[in-house]
Each structure stands twice: as C-alpha cells, then as structure tokens.
Amino acid sequence: MKIRVKFFGSFRQYGNGEFLEVEIKQPMTLNEFRLHFENSLKKEDKKFLESALISDSVFANETQVLTNDYFLEREMTLAILPPVCGG
Amino acid sequence: MLKNDDIFVEVTDKKIDLGKLLEDFQHHSQGAQILFNGVVRNTNLGKKVHAVSYDVFVPLAEETFFTIAKEALEKAKSPLKVVLIHRMGKLFLGESSVAILVGSPHRDDAYVASRYIIEQIKVRSPIWKKEHYDDEDSQWLAGHTLKGT
C-alpha cells in the first residue's frame, strides 16, 4: 500500500519538493515506517544525506502530530514536519 | 480559518491590514487592545536578508493556533478576545508575518496573553522560514523539534 508523505520546510529541497510516495508491503507503526521513508528518500534523491533531519522530524495529519505507535494500515497521506520556526 | 465568539485564527497569503484588524475586532468590553506585529527585518545572524519565505502546513497550523488561543483564554483572569493571523508565501522587508491582537477589560491580562501566544507559536506551529540573502544562497532556518509534543 502507498503512503504519500507531503514535504515541508527543508524537505522541499529533495525529490520533487512536494511529496514522496512510499510503498509498504504490510501494515506497520510510524516508528517502523520512518526507516522505510528514509530509504525511499535516499533512493529518490542521492543528495539526501541528513538522517538526523528525519529523526528530528515528526509525522502528522491535518489535525494532529502522530505518535510513533500510530499504526499505518491503509493508504493515506501524511506530512513530515521538520523542526519548526514560525512567528 | 477557525473561529468562535472569542477567537479568530487564520493563515493567509494576503497582506495583513493592521488598521482594519483593530477596527474589525474592537469590542466595547475591552479597555485594552495589545497588538503584536511580527515583521521581516533586514539582518539575521550577521547576514543581510531581503526576504523571507514562510512555508505552512495550513490545516494543522490553524488547529494549533486555535488551541494556543484557547489556552491563553483559560489562563487569563478576565475574558479575552484573540485574533491571530499568520502569513504564508514570500514576504519582503517590513511586511507583517504575524499579527496577534488580544483584547481584554484591563491591560495586564492582554500583555500576558499576547506574550504567551507568540512564544507558543514559535515552538508549536507547523511553520518554516526560508531566508533570502543579499550575498549568498537562501537557507531554511533551524528550528524547534515537535518530537515529544
């Protein structure tokens, strides 16, 4: 199943700058998905070397930041949020 | 945009009209209105800035703003009204990036709430800044991780 991850902030300098679709073969937690996402991004864009950026980021939907034990069991769109600096 | 009787929050790609904001959101119960106006300045960390681009995850940002505003109201000793508007897109020097208007019967609650709101926006809102410099490539700014929130 496909998980679409929307890009924000410094992630926009990678891939198409908008999103990455990650194919996963079975349901998994967000914690497990993080590694799949990193591997997919490295494959998509050889410039991506910032594993720390992914570990400092969180995944979210439109109403909340998701916890690491959030279970991905169907196709969906998430956002990856790097460290923030609004205002 | 999200709102109730006491709170109005919005992310917009349009210029913030501060005069209209003060006029539209005035309430006769208020003895004090505190307006915080965040603007794009010309230097940061020794670099000459000519513009800042704001990237925003709009639906979650508006939810976060609404939650922060509700918290400010709950902490206050008197009834408050809060308006919070944040820009997205590319802004140039002097443009307002964020406006926070807090109205209350007395000034103390308004000052405290205004400060609370801007400090929370900076560490909780899904918003990112890319600075554009005179003499070098533009750069996404470092920020606060949302891990653990």
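Reply: Let's begin with charge: chain A carries 11 positive and 13 negative side chains, and the centres of these two sets lie 4 Å apart. Keep in mind that this is a predicted model. As for burial, 47% of the 87 residues in chain A count as buried. The C-alpha trace of chain A spans about 30 × 30 × 20 Å along its principal axes. Its radius of gyration is 12 Å, which agrees with the value near 12 Å for a compact globule of 87 residues. Chain A has two helices and six strands, and they come in the order β-β-β-α-α-β-β-β along the sequence. If you take the contacts in chain A between residues at least 6 apart in sequence, 58% join residues at least 24 apart.

One pairing partner is strand E2 of chain B (residues 7-12), which runs parallel to E6(B) and is joined to it by six bridges. Within that pairing, Phe8(B) has Val83(B) as its bridge partner. E6(B) also pairs with strand E8 of chain B (residues 96-104), this time in the antiparallel sense, over six bridges. There, Ile85(B) stands opposite Ala99(B). As a rule, side chains in a regular strand alternate between the two faces of the sheet.

How values were computed. Residues numbered from 1 in each chain as written. Chains lettered and ligands numbered in written order. Predicted model: local features only at pLDDT ≥ 70, side-chain atom pairs only at ≥ 80, totals over all residues. Heavy atoms only, no water. Pairing = 2+ DSSP bridges. Helix = DSSP H or I, 4+ residues; strand = E, 2+ residues; numbered from the N terminus. Rg over C-alpha atoms; globule rule 2.2 N^0.38 Å. Buried < 20%, exposed > 50% of the residue type's maximum accessible area, 1.4 Å probe, protein only. Contact = heavy atoms within 4.5 Å. Lys, Arg positive; Asp, Glu negative; His and termini not counted. Charge placed at Lys NZ, Arg CZ, Asp CG, Glu CD.
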